[in-house]
Each structure stands twice: as C-alpha cells, then as structure tokens.
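The following paragraphs lead the reader through the structure shown below.

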Amino acid sequence: MPSIFRLWPGLVAVLLLVTGCDSSDSASEPPVPEGASTPVASDGDVGSTFAVIPEVAAQLAPSVVAVLTPTGEGSGVVWRQDGIIVTNAHVIASHEEVVVAFADGKRSPARVVAVDRVVDLALLDAERDDLPAATFADSLPVVGELAIAVGNPLGFENTVTAGVISGLQRAIPGSASQTQSLVDLIQTDAAISPGNSGGALVNGRGEVVGINVAYIPPQARAVSIGFAIPAPTVVDVVPQLIEDGVATHPFIGIQPAAVTAPIAERLGLERREGVLVLDVTPGGPAEEAGVEPGDVIVGLADDGVATVEQFLAQLRNLETDQRVPLTVVRDGVEQVLQIEIGERPAP
C-alpha cells in the first residue's frame, strides 16, 4: 500500500513530509472538546516519566484513527465525539472523501469539510457520533519533557513511539520557498515515519501537544528528527474551520526570498541575514507601508529577522489590524516603516 509522502524541491538535502491561538482563559485548564477523554492523572513528575507510556497509549488509541485515501494513508485525531477529525491537509491531498479506520476495527466514510494549507490542517466529518475526543493542550510543551507519537506509520495502525520534546519554534531550513506550513513547529525525537502525518504527539498527561506533520529522513543523515504542529495553533485554527470553513492568518503581502551571500554583497549588507522582498502585492499592507521590491526585511514588531522561516513564524504570532514596526534595509540604509497587518486573502 503506498504511503503519502512528498518531496519538496529546494529543501536542504532530502526533506520528506510524513505520509506526508486562542488559549483558554484559564491557563491551568486546557480546552476540552465535547466528549473528550479525561487526561491521565499526574502526581509530581509522574507525567514526565516513561512509566506512564502504556497508560497514555491505551487512553489515546481510541482517539487516533487511520485516514485512507485513494493514493495512500495517514493518521487523524478525533476532535469531537460526533465524528469531527483533524488531520493534515497533505494527507487528504485534493480528495473530497476518504475512509477512516478506527481503533475498534470499524471503518466509516468521511467527508473533507475544511482545509487550511497555510498550517497544513484539514477537518473530516465521519459517520459516527460515539467517538472519544482527544484533549488538546492550550500551551506549548517544555523542551525535554516526554513526547509520545501515536499514529499509523506505513499502515501499522495505532503504533506508539516515544521520546522527548527536542525543541520549539523550529522551521525546516529552506521550506518557506515551498510552503508556509513547515515553520514554528515542535521538534521531537519520537520516531515519526510516513503515515504518522495527522497523528497525535502527546505528553505524559495524555494531552495532545501537537499534530505530527513532517520528519527528516535518514538519507539526510538525520536520526529521529520529527516535527509537529503545536496544539495552540490547532486549537486556534480548528474552531475557525468548523465555524466558517476558513481560518484567519496574518498577511503583509510580499514574496519573500532568502538572502544569499551574493545578494548580501550586492546590497551592502554586513551579514547574510534578513528577508529579500522579491515582489509586493498591489494594494497590500506592505505596499501601503512603503515596502519596495529589493528591500531586505531585518526586523518585525521589534524582533530581529534572520531567515524567511523566522519571519513567517513571527508573522503568525501577530494579529490582523495590528500596527507594528517593520525594519528594512534599502540602498544600504536601515529604516523603520509602520505596517498594519492584514488578513491573508482566500486562495
């Protein structure tokens, strides 16, 4: 059975996609979708030890599904007991209907009800109303804490692998020229393989901290480097997709490119850092702020900008209609513009 995994041209070495936020008002209480399972109890640091893996795996197994398409398969996580399932947009590709296989052995057709390719998420509606919804964390995990991946790698349903949270706010180098979805990710060394895409990355308390999305394969001399979309991003985007079918994303209206050594030399930049503006969207926020093709963005909202991936991750954290400083280098001179963040137009 073929697996869903794509090669993004232009990425460093061979980077393969796996078969492939509004927080709660109470910081201590994560958002619990209707019908959600109860997180595993934790005393002290019990939730951070490998001893809890069997309990967490047993709890999450019914909430993680296999997503079968005409061209391959991936994974998904039950969002709501009435059949709403979250997965990756690249798992369902362009299909409008898929088949979902559940932990209890049943299968059901599912309709693709919404897709957001900016963050690589999609929603399915399966023909069941008795599903145990997973509990999603409302904050980022801590580097070094337990990470458990539950999914459907290479067709092996309900596979569990474990490791730790290796890093936060990661971006796959070179990914921004192909997709904006591979920035601001959680990194883990829990084994992720083709078919894990759309599955759950879980902490020791049984909370979903991320939706698995990508990995760097051994061909690129990587050992256990996988990535997940952070739960705060998921709990921000999914309710919007349910309500409106689309989600709002910050937008400034430029075509970005990396600053190479020859470009830095030609533009008189002291360092090979920043985002080269190749083009500006007519009438967009950048044009209205005075940004011009050839400018190099080196700062956004009082934070420095070194790479395109970093810029896109910082942009994600801004609000539409927010007015922030944008620092650019033009003709060797640094200047600060004021830009009002817009909303990304529908594709």
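Asp120 is buried, with a relative accessible area of 3%; buried means under 20% relative accessible area, exposed over 50%, and partly exposed in between, for a 1.4 Å probe and protein chains only. The model is predicted, so that local features need pLDDT of at least 70, side-chain atom pairs count only at pLDDT 80 or more, and totals for chains, interfaces and linings use all residues. Residues are numbered from 1 along each chain as its sequence is written, and side-chain values use heavy atoms, with hydrogens and water left out.

Asp120 is found in the loop between strand 6 (107-116) and strand 7 (121-126); strands (E, at least two residues) are DSSP runs numbered from the N terminus. Its phi is near 65 degrees, a positive value in a residue other than glycine. Most residues other than glycine have a negative phi. Gln169 also is not a glycine and has a positive phi, of about 55 degrees. Gln169 belongs to strand 9 (residues 159-170) and is exposed, with a relative accessible area of 56%.

The next topic is the packing of nonpolar residues. A nonpolar core is a set of buried Ala, Val, Leu, Ile, Met, Phe, Trp, Tyr and Cys residues joined through side-chain atoms within 4.5 Å. The largest such core has 51 residues, of which Val86, Phe136, Ile211 and Val234 touch the most other members. Strand 12 (residues 208-216) supplies the largest share of this core, 7 residues. A second, separate core of 23 residues includes Leu300, Leu326, Val328 and Ile341.Pro325 lies in strand 19 (residues 323-330) and is buried, with a relative accessible area of 19%. Leaving aside neighbours within four places in sequence, Pro325 is in contact with Gly299, Leu300, Ala301, Asp302, Val336, Leu337 and Gln338. Pro325 and Gly299 are 26 residues apart in sequence, and their C-alpha atoms are 7.9 Å apart in space.

Conventions: Helix = DSSP H or I, 4+ residues; strand = E, 2+ residues; numbered from the N terminus. Contact = heavy atoms within 4.5 Å.
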